[in-house]
Amino acid sequence: MDERLWTDRALADGEAIAAAGCRISRSGTGHQTLVSGDLTAAISMLAPDAPLLGFAEVSDTPEQAIRIARDHALLVTSNPVQEDPGWHSAGFALSDAGNRFACLDLAGHGAMDVLAHGLASAAPVGSPSAALYFVGLPVLVTGTRTGLKLWVDQAHLTYLTGFIARIGRNAGPAFDS
Amino acid sequence: MQHFPCPFCGLRNETEFHFAVEAGHSRPEPAERVSDAEWAAYLYANKSPKGESREVWLHLSCGEYFILSRDTVTRAVLGSVTLPGVTR
Amino acid sequence: MTGWRHQTLGRNIDRSKPLRFSFDGQDVDGFAGDTLASALIASGQRILGRSFKYHRPRGLWGMGAEEPNAVLDVRHGSEHWPNTRATLARAQDGMTVTSVNAWPTARGDMFRLMDLAHRFLPAGFYYKTFMALPWRFYEPMIRRMAGLGRVDPSCAPRADVAQVSAECDVLVIGAGPAGIAAAKAAAETGKRVWLVEESSQLGGTLRWRGGEIGGTPWQEFAAATREIVLAAGGRILTETTLWGAFDHGSFAAWERGVPERHWRIRSTRTILASGGIERPVWFANNDLPGVMSAEAAFHHLILYGAAPGRRVLLAMASDRGVPVARALTDAGVEVTLVDARKTPVDCGVPRVTGRIEAAHGRRGVDSATVNGKRIACDTILCAGGTTPTLHIWCQAGGKLDWDASRDMLVPRPGTAPMTVVGAAAGVLDLETAVEDGWAAGSEIEATNRPAPKSPPDHVFRPDPSLPGRQWIDLQNDVTLKDVTLAAREGFSSVEHLKRYTTLGMATDQGRTSNFAGLTAMAAVTDRTIPATGTTTYRPPFQPVPLRAIAGPARGALYHAPKRLTLEDMHRAAGARFREYGGWLRPATYGAGDETTVARIEAQTARQSVGVFDASPLGKLDVIGPGAADLLDFTGYVRMSTLKPGRARYGFMLSETGIVYDDGVVLRLAEDHFLVSTSSSHVEGVRYRLEDARQDRIGRGRVFIHDITQGFTTLTVTGPKAREMCRKAGIELPDLPHMGVGQTSFEGSPMRVARISFTGDLSYELSVPANLAHALHDRLDTALPEVGGCWIGLEAVLILRAEKGFILIGKDTDGATMPHDLGWGGPRTRREDEYIGKRSLFTPEAQGDKRRQLVGLRVRDGDAVIATGSHLIEDQGARRSLGFVTSSCFSPTLKRPIALALLENGRDRIGGSVQVFNDGEVRSAEVTMACAFDPKGEYLDG
């Protein structure tokens, strides 16, 4: 494909894709902060009510700590955190992640099925890390009461939109049976 | 499609991992006292065992390096442990 | 015309829905539910193709994936499926079906005379011929004649096969009686069972043989199984070929229906109930149309009402052929059994004791020689025995044992992580198969039952003493004589037999031929069957179209580049995009010849100001008390001596001393650095930093955060950069060159770094992505006021080339070390350990013929030197001394400039070298890499 002809675009705010028992739309991301080190100390100082979430773990609080690794997490808060970026003597490092991640909300009983369309093997239910590879892209997966949320580096959003739209077109009527 | 156990994240499919190096090779230092032969052996000489092998692998999703023991013939996974220095 | 449609039989067809398709130009009538095979048989069409080598007429043999002859080219609407097995393809109204390897039709093939030359065309003939003339004389003709079917390039395969991953507790492969029993038993213990069946229905052979399972009619049992499996959270996939067994309990399955899907299934436990395939019987001309598997004839009669003929000989050596004979007789076919057993059992069907020695007929069977006597017939059915289908078992590493009492190769227990039941395990008795399936599903040990006491009364084997040609592999046209030829020429290992004769290498993968080949070779070389062995089984179990595995990854969904937050703004400004380092970035802005536009943009940037989007450049936060230690160890240039608020250019080497990446490091605080990486190396650098962090410095002392995509960076470069920012309402902090600070933008902090990739006064402005559009607007408004413009990557590449600034991987290669680039300082001075240090002092690294970065200047006009040109000496033997890495026309210097890696380059500065490209030679002067402003006077604006 001639690389000069890229005209696809990312899912915009307010738009939605219907895909196999699921409705996919842009979700707000709040303020994003990356923390590493003593996660307990970091969370209690920066977002005391935020639960530390593993793969597809459900939380409907606006403040969340999405666990990426043993000692690394993405903090999502409604307001900017009060501490400055850098090293904190309580034992953690903090970075302003700006708008690194875009978020797609997958609402509906087909959310896990949509996920199954982009994973190389079955979803790692129960994994303490929310990070995995979906359609070849590194993403974070959290749970909501109605489905899932996919957090992805925003430069990948266009590709992800295109792929999920294709999943929606391919998945047939008998999919949920 | 192999499945490897990341010590933190649990069982994940092989596309999330990257082979780093054979385990058990210490970096010869300081440079001034390392012979060409020693350094070349560190860089290139591998045991490449037929059977049980201890290897350092990287889990790309979480960025953790760890030791994976596996059988290079049957491709059975024998276990994984963290690198030294991990407290929890 | 031999085949015909029974008035009432045909469970799968719907006589209220007739359909019509064409075969080789002739209309064929059928019904909804027919396969192409059943419709063709029922319509009387017998010649379905021509054989691969000898172009002999061929007809239908089987009923499933083992079918070797009925390979057809199918078109329907705009879709095209070459090499489709007629037995697995559903007939649809309006299809255009053609035979392959025949012209103009299978019936009237022009190449049928090839068969007359068969004596000159045995197996491997091509190793001994085509030698008189050079190969290029033969190749076009052979390419045209070889192969089956043709690809039509105008039919692009669909890109819509969903790739789905799944998990289950128990995977049951095959829904015959054993498989259904296993699935039901497992589901009743609450397990999530996935039952995968290649055909469109559950039941296996019961669908035409009938029978009861556990006292209930099999249809009821199958329906109950379906209910229980689904209720327990399992799934039943029909028309799905499970084509590969992979590591750690992973399997691949191709669901061929609508919608078409490709599954990656991971199971905790696996039960293989894949059944068996009927063996042929071997006699002269056993490849004629009308010679068919008895089980297949039974299958087609009951399921589709398609009878193969009216006067049938049925060759058999066990009672398994009896129900076939009875069913055909009931349907009005005249059947004579040819029973090879010495003590056959009477079953009410006319019978001859003995064997078929030859089939006769020109285009199909019209008679056979039985015990020396000619008998008229139109069909010969072969019930030669059963070969268990064990491909998946063998793919998973399972071994086979020869069971002489059953005359089969059966699984050796414990050699693969799955349980085999039913015909696949050599168990042909229905009740036993069901019991074994049940035990496997319930995870109970199967009752140990003794093996049959004695070997079968008679086993069929290819007999070399029979006159005439006997076919072993129908699809690749391999005869028994070819097997003896291979043995005679020393190719007696089964792996050699396979490759020398091509036996078993066709698309049917030897399902009806491997056993015969193996037994024939064993007999010829006087070995036992176990000693002769089998060939290696590899996926796929059945040919799988590439589109089924490629899925949706096509065009924009194939390896797409990353996209800028400001892409829409750049497009609105007229940018033309290209992929750079995995990102889609503006190459130039506006219409016109790209090279010219890029030069004008570069010129504008040098003279007033240019603004470009530098967001893809990696940004890694390195934070913690051990941050300086980490960077000192992983970097070539020490960063621990860098003061907060300042930036320094450095390199990351591999332990081999080769330059891996370059970039500027900013120090924001004592324990906080920001490492910039090449846009394509962000992950690579991060993982190398993590390696040192986790394995040396201490994972509690330093942490690495990738914040590359959190921020948009716009770089304002040129003598009017400060003025431009002022006009844009941006208050720049007072920074020295290579200084970093902060200012406010729309109430948020904005990082400002005074770093120059162009050689001019340059400010990198970074804001979170949600402020990117606002920043873009401000700068966009101010640009015309200072006579500046947006510049694309092409212009930036020109500007940096004028300064001799390198691009990793373009101006460096897999051998370039830092001192080759003129950066020998740290190598000489550093006493502490760092990655790559020892490698910088090997004999190779200290050699005097190293390729070093230099500039090149031509004086023979304005023509740009071709990138990649080799550098050679003025005189003497031609040898490449290096090559041109970057080259362009410099609008600033108004002449061509180039960078190159040249052997001993720095010593050659001031001298000349020849530049060789595509036969042409130019002379060039060797200069310093930096062509413009080597003192850096323009950095202050």
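Analyst: In this predicted model, strands β23, β24 and β25 of chain C make up an open sheet of 3 strands, arranged in the order β23-β24-β25 and paired in antiparallel fashion. The edges are taken by β23 (356-360) and β25 (373-376) of chain C, each of which has a single partner strand, so one side of each is left without a neighbour in the sheet. From one strand to the next, the twist averages 25 degrees. Between β24 (residues 367-370) and β25 of chain C, which run antiparallel, there are 4 bridges, and if you wish to follow the pairing at the level of residues, C:A368 has C:I375 of β25(C) as its bridge partner.

Turning to the helices, α10 (residues 480-488) and α12 (residues 514-524) of chain C pack against each other at an angle of about 45 degrees, and their axes are 10 Å apart. On the α10(C) side the contact involves C:L480, C:V483, C:T484 and C:A487, which meet C:G517, C:A520, C:M521 and C:V524 of α12(C). Sorted by class, the residues of this contact between α10(C) and α12(C) comprise 6 nonpolar and 2 polar, with no charged residue among them.

At the level of domains, chain C is divided into domain 1 (4-111), domain 2 (163-277 + 388-442), domain 3 (279-385), domain 4 (461-532) and domain 5 (807-940). The centres of domain 2 and domain 3 of chain C, taken over C-alpha atoms, are separated by 30 Å. To the contact between these domains, domain 2 of chain C contributes 4 residues and domain 3 of chain C contributes 6 residues. Where domain 2 of chain C touches domain 3 of chain C, its side consists of 1 nonpolar and 3 charged residues, with no polar ones.

The last part concerns the neighbouring chain. Here 18 residues of chain C are in contact with 16 residues of chain B. Helix α18 (residues 682-697) of chain C gives the most to the side of chain C that touches chain B, supplying 5 residues. Taken by class, that side of chain C holds 10 charged, 6 polar and 2 nonpolar residues.

Notes: Residues numbered from 1 in each chain as written. Chains lettered and ligands numbered in written order. Predicted model: local features only at pLDDT ≥ 70, side-chain atom pairs only at ≥ 80, totals over all residues. Pairing = 2+ DSSP bridges. Helix = DSSP H or I, 4+ residues; strand = E, 2+ residues; numbered from the N terminus. Axes fitted to C-alpha atoms, helices over the stretch in contact; angles between N-to-C directions. Contact = placed C-beta atoms within 7 Å. Nonpolar A, V, L, I, M, F, W, Y, C, P; charged D, E, K, R; others polar. Domains from an automatic or database assignment.
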